[in-house]
Amino acid sequence: MTSEDSEDRDGKLPRETTELFGHGDAERVLLDAYKSGRIPHAWLIGGPPGIGKATLAFRIARFVLAHPDPSAVKVQKAASLAVDPNHPVARRVASQAQGDLLVLERSINEQTGKLYTVIRVDDVRRTAPFFGSTAGEGGWRIAIVDAVDDLQREGANALLKVLEEPPQRSLLLLISHAPGRELPTIRSRCRVISLRPLSSEDVARAAAEAVAEPSDAAEIVAAAQAAEGSVRRALALLGADALDLRSRTITLLDRLPALDHRALHVLGDRLFGTEPAVLAAFIDTVKGWLSARLAETKQPLARLDRWAAIWERFNAAARDVADYNLERKPLVFNVFAWLADASHR
């Protein structure tokens, strides 16, 4: 989970999470590259939201900082990137006190108390003095960008300068929910790892590990089965209200292009005054439905463009509703009107 994910439900953040579920192949690629002593300086870790991309990035960062010599016997014998949670590096990473690790993510606007909608270019420019300064123990400097999708064009260009002239013993771990949409100049300078959605069993295990307080096992299983491979989505769905709302939303989506205005009113009323997790469940369900449409390759390009335009429009509208606590019912009616219109054509 990113800082945004943590708003869905109390739980561990990726910097605190030491377990990784379902991505053993990707982990072995990173470990083998490090063991070789010739690990690429930049990695683009791609895949749908909430499946463990940030967790994997922090996992390799902890391992490298805890074992800075790739030729060391302990590294060469390692079967995974696991680091003891009590290791000093693991504790410092969890508490954001590891000086050789820079994490770029959307920060809090001190005036509004809300997250910025983008990673600001001024934050990205911190990478230059960070990589230009003398590293501490072990000599490695590591930056995690979570996620590059949140960069403005100026921020992406500032990051590109670091990618073009990487310092020695540096690692840049770029997380992306849609790697194909990143600048070609960024993609071409990175080794790409694509993560797939998790099995429902792995989602359930990861969700049980992530929640701060014990949850009902049956509830976790139900959320995992509905989460379509995303731990983030499962955490957002934990709670009967969120699961029921997701079911109602899917029913209405499956009826498109037909619109049941009475049911939409009921859905909008259900969202009124609800906790952020329930609104997140609605937003995530619509995004999941749209993602499936965008993934369909055998469709006219014009229709694909319409789905992509709605994706951008809905994301912006949903952010405004969440950030400024706007009325939820207009969001419900607007997105279903957009989707119905696109489905008709």
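Arg233 forms a salt bridge with Asp284 in this predicted model. The closest N and O atoms are 2.7 Å apart. A salt bridge here is a side-chain nitrogen of Lys or Arg within 4 Å of a carboxyl oxygen of Asp or Glu. The pair links distant parts of the chain: Arg233 sits in helix H11 (residues 231-237), Asp284 in helix H14 (residues 276-294), and 51 residues separate them. Helices (H or I, at least four residues) and strands (E, at least two) are DSSP runs, numbered from the N terminus. Arg233 is buried, with a relative accessible area of 12%. Asp284 is buried as well, at 10%. Buried means under 20% relative accessible area, exposed over 50%, and partly exposed in between (1.4 Å probe, protein chains only).

Residues are numbered from 1 along each chain as its sequence is written. In this predicted model local features need pLDDT of at least 70 and side-chain atom pairs count only at pLDDT 80 or more, while totals for chains, interfaces and linings use all residues; side-chain values use heavy atoms, with hydrogens and water left out.

The structure holds 19 salt bridges. Side chains of opposite charge can pair when their charged atoms come close. Arg189 forms a salt bridge with Glu164, with 3.7 Å between the closest N and O atoms. This pair also links distant parts of the chain, 25 residues apart. Arg189 is in the loop between helix H8 (184-187) and E5, and Glu164 is in helix H7 (residues 153-164). Arg189 counts as partly exposed, at 32% relative accessibility. Glu164 is partly exposed, with a relative accessible area of 43%.

A further salt bridge lies within one helix. Arg248 pairs with Asp244, the closest N and O atoms being 3.0 Å apart. Both residues belong to helix H12 (residues 240-254), four residues apart, about one turn of the helix. Arg248 is partly exposed, with a relative accessible area of 39%. Asp244 is partly exposed at 32%. Elsewhere, salt bridges that share partners join Glu228, Arg233, Arg246 and Asp284 into one network.

Lys53 presents another case. The residue is found in helix H2 (residues 53-66). Lys53 is buried yet has no salt bridge. The nearest side chain of opposite charge, Asp146, is 6.9 Å away. For charge, Lys and Arg count as positive and Asp and Glu as negative; His and the chain ends are not counted. The side chain of Lys53 does make a polar contact with the side chain of His177, at 3.1 Å. A polar contact is a pair of N or O atoms within 3.5 Å; within protein, one must be able to donate a hydrogen and the other to accept it, and residues adjacent in sequence count only if both atoms are side-chain atoms. Leaving aside neighbours within four places in sequence, Lys53 is in contact (heavy atoms within 4.5 Å) with residues including Ile45, Pro48, Ile175, His177 and Leu195.

Backbone geometry was examined next. Most residues other than glycine have a negative phi, and most peptide bonds are trans. The peptide bond from Asp146 to Ala147 is cis, with omega near 10°. Ala147 is in the loop between strand E3 (141-146) and H7. A cis peptide bond also joins Leu256 and Pro257, where omega is about 10°. Pro257 is in the loop between H12 and helix H13 (261-271). Gln96 is not a glycine but has a positive phi of about 60°. Gln96 lies in the loop between helix H4 (88-94) and strand E2 (101-105), and counts as exposed at 59% relative accessibility. Asn325 has a positive phi near 55°. Asn325 lies in the loop between helix H15 (301-324) and helix H16 (329-344), and is exposed at 59%.

A cavity is a set of points where a 1.4 Å probe fits but cannot get out; a pocket is an open set with protein on both sides within 12 Å along at least five of seven lines; lining residues have an atom within 4 Å of a point. Grid points are joined across faces, edges and corners, and a volume is the space filled by probe spheres set on the points. The second largest pocket has a volume of about 210 Å³. Its lining includes His23, Asp25, Val29, Ile193, Leu195 and Arg196. Helix H1 (24-35) and strand E5 (191-194) each supply at least two lining residues. Two cavities of 30 Å³ or more are found in the whole structure. The second largest cavity has a volume of about 30 Å³. Leu252, Arg255, Ala258, Leu259, Asp260, Leu264 and Phe336 line this cavity.

Conventions:
On a 1 Å grid over the protein atoms alone, a cavity is a set of points where a 1.4 Å probe fits but cannot get out, and a pocket is an open set with protein on both sides within 12 Å along at least five of seven lines; lining residues have an atom within 4 Å of a point.
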